[in-house]
There are 2 protein chains.
Amino acid sequence: MAEKTETAKKENDNVIFVGKKPTMSYVLAVITQFSEGTKEVFIKARGRSISRAVDVVEVVKNKFIDTLKYTIDIGTEEVEDEGKRLNVSTISIKLTK
Amino acid sequence: MAEKTETAKKENDNVIFVGKKPTMSYVLAVITQFSEGTKEVFIKARGRSISRAVDVVEVVKNKFIDTLKYTIDIGTEEVEDEGKRLNVSTISIKLTK
């Protein structure tokens with residue numbers, strides 16, 4: 001059981017959800033992942049945070065890892081806000097060194 | 001000379017710059033382009049408008065053209081704001097039916 005939890009943790013570790021913190025917090029998280037030997041890091045964001053997710057990738061690429069490769073996928077999620085159903089755009093960016 | 005201007009116009013016609021207008025304005029522009037027979041439409045945005053550019057693609061795909069294919073590229077541009085040089089993220093999304 002303990003092993004299973006550990007596996008689940010490892011699977012989620014390489015996903016960074018970009019929200020409202022400063023861009024550099026997420027940049028640091030990406031750099032940390034790669035320096036720990038992670039091969040693929042996923043950056044995910046939705047709504048207004050999508051712009052910041054792109055900023056994170058650009059800063060990592062331009063200032064830290066110039067060999068960075070990325071694949072971008074976009075989508076739509078339904079969220080509920082005060083009883084109303086809203087569609088919100090999402091982005092998922094796969095990063096490899 | 002008149003012909004040259006016409007060619008230049010045609011080349012730019014399939015690029016839609018997403019800014020601060022409502023999402024549906026840009027959705028309409030994309031639909032119009034495709035209905036006029038354009039094979040590839042490019043959506044470009046920078047900074048905070050990147051999120052809206054993604055919204056535009058998602059609305060076009062989910063509500064109008066379900067066979068829509070896209071390729072996303074991101075980058076950085078340098079802009080000058082009150083004499084200061086700032087880096088701003090950019091997105092370019094190539095759409096095909």
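Which residue of chain B comes closest to the rotation axis? I looked it up: B:Ser51, with its C-alpha at 2.7 Å.

I'm working on a predicted model, where local features need pLDDT of at least 70, side-chain atom pairs count only at pLDDT 80 or more, and totals for chains, interfaces and linings use all residues. Residues are numbered from 1 along each chain as written, chains are lettered from A and ligands numbered from 1 in written order, and side-chain values use heavy atoms without hydrogens or water.

**Symmetry.** I laid chain B on chain A and got an RMSD of 0.0 Å, with a turn of 180 degrees and a shift of 0.0 Å along the axis (least squares on C-alpha atoms of residues with pLDDT of at least 70 in both copies). The two copies are therefore related as by a two-fold rotation axis. Both use the same surface: 100% of chain B's contact residues (heavy atoms within 4.5 Å) recur in chain A.

**Largest pocket.** I noted about 300 Å³ here (1 Å grid over protein atoms alone, 1.4 Å probe, an open set with protein on both sides within 12 Å along at least five of seven lines; lining residues have an atom within 4 Å of a point). Among the 15 lining residues, A:Asp55, A:Val59, B:Asn87, B:Val88 and B:Ser89 are closest to the centre. H3(A) gives the largest share, six residues.

**Second largest pocket.** This one has about 230 Å³. I found B:Asp55, B:Val59, A:Asn87, A:Val88 and A:Ser89 among its lining residues. Here H3(B) gives the largest share, five residues.

Methods: Points joined across faces, edges and corners; volume = space filled by probe spheres on them. Helix = DSSP H or I, 4+ residues; strand = E, 2+ residues; numbered from the N terminus.
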